[in-house]
Amino acid sequence: MSRPFHNHYPHSYEDIIHLPHHVSATHPHMPLADRAAQFSPFAALTGHHEAIKETERITTEKIELDENAKSILDQKLQAVLENSANPQEIKITYFVPDSNKAGGSYVDFSGIVKRIDPYQRILIMQEGLSVPIDDIIDLKGNF
């Protein structure tokens with residue numbers, strides 16, 4: 001004669017399976033959101049994923065202009081300075097150092113030159129951008 005499946009195991013819970021659910025008199029019932037949090041994945045290495053993404057992010061080394069390229073850029077800056085009475089739109093390409101690791105990136109910006117500060121060596125645009133002259137690698141406009 002075969003016995004029911006659950007009788008083969010010593011812990012079939014038949015003695016408690018139909019009892020009412022226990023409600024604690026001292027501990028309040030845990031909200032479902034808190035219960036779910038107990039079973040959420042555990043991140044053993046907090047910040048590890050972000051560190052890997054930061055390492056994968058590519059930066060560019062700053063280009064050092066040769067003397068000829070520096071001379072051409074100086075001529076263009078001088079032309080912009082001489083035409084400051086008639087402001088015109090120019091396009092500059094300049095280097096922005098990365099705040100987290102070596103290198104950076106090159107950015108193009110188009111706007112109108114407000115002034116050039118030769119002592120601090122900064123090109124100031126009307127739109128509020130200030131660019132160190134030493135970080136500029138190209139300048140285009142009608143000058």
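Predicted model: local features only at pLDDT ≥ 70, side-chain atom pairs only at ≥ 80, totals over all residues.
Strand 1 and strand 2 run antiparallel and are joined by nine bridges, one of the pairings being that of Y94 with V107 in strand 2. The two strands form a hairpin with six residues between them, and in its turn G103 adopts a positive phi of about 95°. Strand 2 is also joined to strand 3, again in an antiparallel arrangement, through four bridges, with I116 standing opposite L123 of strand 3. This second hairpin has four residues between its strands, and R121 in the turn has a positive phi of about 55°.

The largest nonpolar core comprises 14 residues, of which I90, I92, V113, I116, L123 and L139 touch the most other members. At least two residues of this core are supplied by each of helix 3 (67-82), strand 1 (89-97), strand 2 (104-117), strand 3 (122-125) and strand 5 (136-140). When residues up to four places away in sequence are not counted, L123 touches I90, I92, V113, R115, I116, L129, S130, V131, I133 and I136.

The largest pocket has a volume of about 190 Å³, and its lining consists of K62, I63, E64, L65, K70, L73, D74, R121, I133, D134, I136 and I137. Helix 3 and strand 5 are the elements that give two or more residues to this lining, the largest share, three residues, coming from helix 3. By class, the lining of the largest pocket is made up of six nonpolar and six charged residues, with no polar ones. R121, found in the turn between strand 2 and strand 3, is among the residues that line the pocket, and I133 and I136, both touched by L123, also belong to that lining.

Technical notes: Residues numbered from 1 in each chain as written. Heavy atoms only, no water. Core = buried A, V, L, I, M, F, W, Y, C linked by side-chain atoms within 4.5 Å. Buried < 20%, exposed > 50% of the residue type's maximum accessible area, 1.4 Å probe, protein only. Contact = heavy atoms within 4.5 Å. 1 Å grid on protein atoms, 1.4 Å probe; cavity = no way out; pocket = protein on both sides within 12 Å on 5 of 7 lines; lining within 4 Å. Points joined across faces, edges and corners; volume = space filled by probe spheres on them. Nonpolar A, V, L, I, M, F, W, Y, C, P; charged D, E, K, R; others polar. Pairing = 2+ DSSP bridges.
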